[in-house]
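Subject: Structure for you to look at

Hello,

Here is the structure I promised, with my notes below it. Please open it and read along.

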Amino acid sequence: MVIDGDAHCNEPKDLFERYLDTEFRDRGPKAVDAGGMRWLVEGKFLPRPVGNWGHGSSSGFFGTNLAKRGMAASSQSLDDIQGRLKDMDQEGIDVQVVYPNIMAMASLLDDGDLAGAMCRAYNNYAAEQSHNADGRIHPIATVALQQPQEAAKELRRAIKELGCAGTVIPGIVGQRNLDDAYFAPFFREANELGAAVGVHWITGCFDSPGQERFKDPYFYIHMVGMPFNLMIGIMTLIGGGVMEKYPRIKFVFLEIGAAWLPYWMWRMDDHYTTSSHRLNNLPKAASEYVKSESCFVSCEPREVGLAQTVRVLGEV
């Protein structure tokens with residue numbers, strides 16, 4: 001059994017015309033040509049163009065020519081399920097867990113009502129399309145954490161009614177860290193459901209520590225933006241007691257490899273045992289949470305140091 005645990009789909013250009021609640025259509029995202037096809041929402045381009053400090057992508061999400069890559073799918077979205085399944089067969093992939101792209105940034109919009117409506121639209125779309133995949137494609141839902149109570153309701157709907165495999169959040173949410181008490185209603189619901197919560201970053205969609213130093217090249221922006229975001233995410237989820245308080249949530253840290261984690265565990269443990277740094281309310285060392293069933297991390301097959309990482313973390 002080969003599982004692609006971090007597949008993606010591009011949101012189709014007409015997604016919000018097809019699925020967004022009518023009352024939000026006027027202010028909903030629009031697909032526009034701005035140095036590559038991008039979404040325009042709340043007066044901002046997503047992904048944001050390279051050339052300004054802290055911005056991220058030289059192209060949009062609609063430009064890849066799949067036919068030139070020898071692929072059967074006519075779209076990077078979920079519109080062509082049969083084509084995607086043929087490509088999975090070609091690659092020897094049995095099952096895909098499919099994450100959104102732009103919609104991973106839903107929690108960063110100013111308009112929480114619009115963000116929630118966009119999440120419902122995407123989740124309905126992803127679930128509807130995946131039903132035609134013979135159980136081989138499992139969508140990941142989106143939630144808007146600006147309104148944690150609403151995010152909790154949508155998480156329950158997405159898992160219980162739509163059959164989504166879990167949800168995705170960024171490692172930081174604007175000026176709030178994930179251990180902020182503001183998010184407690186969402187984490188309570190995720191714990192009740194025993195939900196999988198993927199922690200993921202999407203280049204050029206929202207700010208990430210270190211990214212603000214660079215306007216070019218993309219190499220720098222992508223190098224620092226993704227790992228720092230998730231490293232802060234896991235640190236606050238452990239240090240702030242979220243994993244301790246909500247042990248049934250399965251947190252999954254994605255797309256930055258795994259070799260960073262033993263170092264980060266050592267550094268957190270080193271601080272834990274130093275009286276001047278110690279977190280007063282943490283009953284056990286940070287590494288114990290990483291090794292528990294609360295925490296999972298993706299890896300790359302050719303990753304340097306993977307064998308050592310497995311020895312440190314243990315196998316599941």
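Predicted model: local features only at pLDDT ≥ 70, side-chain atom pairs only at ≥ 80, totals over all residues.

Backbone first. Pro217 sits in the loop between strand E10 (196-199) and H6. Pro47 belongs to the loop between E4 and helix H2 (81-91). Most peptide bonds are trans, and most residues other than glycine have a negative phi.

Asp134 is not a glycine, yet its phi is positive, near 55 degrees. Asp134 is in the loop between helix H3 (112-130) and strand E6 (137-142). Asp134 counts as exposed because its relative accessibility is 69%. Glu255 also has a positive phi, about 70 degrees, and is not a glycine. Its loop runs between strand E11 (250-253) and helix H8 (260-272). Glu255 is at 31% relative accessibility, so it counts as partly exposed.

Now strand E5. How many residues of strand E5 (residues 95-99) are buried? Five of the five, so E5 is largely enclosed by the rest of the structure. In a regular strand the side chains alternate between the two faces of the sheet. Val95, Val97 and Tyr99 point one way from E5, Gln96 and Val98 point the other way, and all are buried. E5 pairs with E1 in the parallel sense over four bridges. E5 also pairs with E6 in the parallel sense, over three bridges.

Asn10 lies between strand E1 (3-8) and helix H1 (15-19). Is Asn10 buried or exposed? Buried, because its relative accessibility is 7%. The side chain of Asn10 makes a polar contact of 2.4 Å with the side chain of Asn101.

There is also an open sheet of three strands, in the order E2-E3-E4, with antiparallel pairing. Strand E2 (30-33) and strand E4 (44-46) are the edge strands, and each pairs on one side only. On average, neighbouring strands of this sheet are turned by 45 degrees against each other, direction ignored. E2 and strand E3 (residues 37-41) run antiparallel and are joined by four bridges. Ala31 has Trp39 in E3 as its bridge partner.

On to charges. Side chains of opposite charge can pair when their charged atoms come close. The count comes to twelve salt bridges. One of them joins the side chains of Arg120 and Asp21 at 3.1 Å, N to O. Arg120 is in helix H3 and Asp21 is in the loop between H1 and E2, so the pair ties together parts that are 99 residues apart in sequence. Arg120 is partly exposed at 28% relative accessibility. Asp21 is partly exposed too, at 31%.

Glu150 and Lys153 form another salt bridge, with their closest N and O atoms 3.4 Å apart. They are three residues apart in helix H4 (residues 148-161), so about one helical turn separates them. Glu150 is partly exposed at 39%, while Lys153 is exposed at 52%. Arg176 and Asp180 meet in a salt bridge at 3.3 Å, N to O. Asp14, Arg18 and Asp79 are linked in a salt-bridge network.

Last, two surface items. Gln82 lies in helix H2 and is partly exposed at 46%. Its side chain reaches the backbone oxygen of Asn132 at 3.4 Å. Phe219, Tyr220 and Met223 make a nonpolar surface patch of about 350 Å². Phe219 is in helix H6 (residues 218-239). Phe219 counts as exposed because its relative accessibility is 54%.

Best wishes

Terms used
Residues numbered from 1 in each chain as written. Heavy atoms only, no water. Helix = DSSP H or I, 4+ residues; strand = E, 2+ residues; numbered from the N terminus. Buried < 20%, exposed > 50% of the residue type's maximum accessible area, 1.4 Å probe, protein only. Polar contact = N/O pair within 3.5 Å; in protein donor to acceptor, adjacent residues only side chain to side chain. Pairing = 2+ DSSP bridges. Axes fitted to C-alpha atoms, helices over the stretch in contact; angles between N-to-C directions. Patch = residues over 30% accessible without salt bridge, like charges linked within 9 Å, V, L, I, M, F, W, Y side chains within 5 Å. Areas by Shrake-Rupley, 256 points an atom, 1.4 Å probe, with all protein chains shown as cover. Salt bridge = Lys/Arg side-chain N within 4 Å of Asp/Glu carboxyl O.
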